[in-house]
Amino acid sequence: MLTQIKGLHHVTSMASDARQNNAFFTGLLGLRRVKKTVNFDAPDVYHLYYGDEVGSAGTVMTYFPFPHIAKGHRGTGEVSETAFAVPEGSLDFWRGRLEHAGVEGIAADERFGETRLRFLGPDGDSFALVEVADDPRAPFAGGPVPTEQGIHGFRGVTMLLRDTGATAGLLKLMGYEELDRNGGLTRLALKGGNGADIVDLEARPDAPRAREGAGSVHHVAFAVEDRAAQLQVRKALLTAGAHVTPVIDRDYFWAIYFRTPDGVLFEVATHEPGFARDEDPAHLGEALKLPDQHAHLRTRLEQSLPAIAN
Ligand code: ZN
């Protein structure tokens, strides 16, 4: 069993409108935009990152807003819900805040003894806020949400799968342990992780496969400290039969990617070098940052990408 994985690093999804996406995560949920850059493979599209004050691993929700793409359809073989940790007793505040903003799909529920509030993002993205006692991670203090109710970071993700066995085995190799089971849900958790420690697997043998689009999670990334730890994880995954990419420089972290047996795209990303690599921590996410290979496109991109509020 590997011990290098520290929990989630980031979750990356697709959106249909950059301005709407930015307003939802910064203006409504109160996260900090910690980077404004472009998709490495499609530089005409933003890559927007939202998280805590510095974009700590385990707090960062990222988006590729492809203008006008069709909505995705939930189904098997994808991350079906992303959950954020909020302070105990804060869900009444959140229900009022989300209702006031006209958010859809607001519904209270309980899972493995935790009190939760589900809601949908602007493109039908599935989210939940989960009350967690004594989460030591500081919510971003510079946004519109008081820190007494603020989001600490991710609690975890849920994956919807036809069969959970192979994915559970993979997560156990990565250091997760099975905590509980209830009906079709299996809860895995990482002991001593960064707070974004939970992966729930939901078995739905008869459900159709997911169709990716706006509101779909594109991939989920797990955190490791550095490139040495990443290489150890890569070696173990290759030995276990996974088809893992070489290490790729993503400017703010180093990444490897592979698909789970059910087709969910996993990434393993390093803490180093982080989002302060190319801008002052006091002004994270304000300027358009371009990877070196796309720097020559700056004039065109500054005209074509929609302006979004800081
Ligand atoms: Zn990623």
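**Inside the model**

Tutor: The lining of the largest cavity is made up of 6 nonpolar residues, 6 polar ones and 1 charged one, where Ala, Val, Leu, Ile, Met, Phe, Trp, Tyr, Cys and Pro count as nonpolar, Asp, Glu, Lys and Arg as charged, and the others, Gly among them, as polar. This is a predicted model, in which local features need pLDDT of at least 70 and side-chain atom pairs pLDDT 80 or more, while totals for chains, interfaces and linings use all residues. Residues are numbered from 1 along each chain as its sequence is written, and side-chain values use heavy atoms, leaving out hydrogens and water.

Student: Which residues lie nearest the centre of that largest cavity?
Tutor: Those are G30, L31, P139, F140 and I151, out of 13 lining residues.

Student: OK, new topic: which protein donors does the zinc ion have?
Tutor: The zinc ion has H10 (NE2), H219 (NE2) and E267 (OE), which lie 1.9 to 2.0 Å from it; donors are N, O and S atoms within 2.8 Å of the metal (3.2 Å for Na, K and Ca), and water is not among the atoms, so sites may look incomplete.

Student: And what do H10 and H219 tie together?
Tutor: H10 lies in strand β1 (residues 8-15) and H219 in strand β13 (residues 217-224), so the pair ties together parts that are 209 residues apart in sequence; strands are DSSP runs (E, at least two residues), numbered from the N terminus.

Student: Are H10 and H219 buried or exposed?
Tutor: Both H10 and H219 are buried, meaning under 20% relative accessible area, with exposed being over 50% and partly exposed in between (1.4 Å probe, protein chains only).

Definitions and conventions: Helices (H or I, at least four residues) and strands (E, at least two) are DSSP runs, numbered from the N terminus. On a 1 Å grid over the protein atoms alone, a cavity is a set of points where a 1.4 Å probe fits but cannot get out, and a pocket is an open set with protein on both sides within 12 Å along at least five of seven lines; lining residues have an atom within 4 Å of a point.
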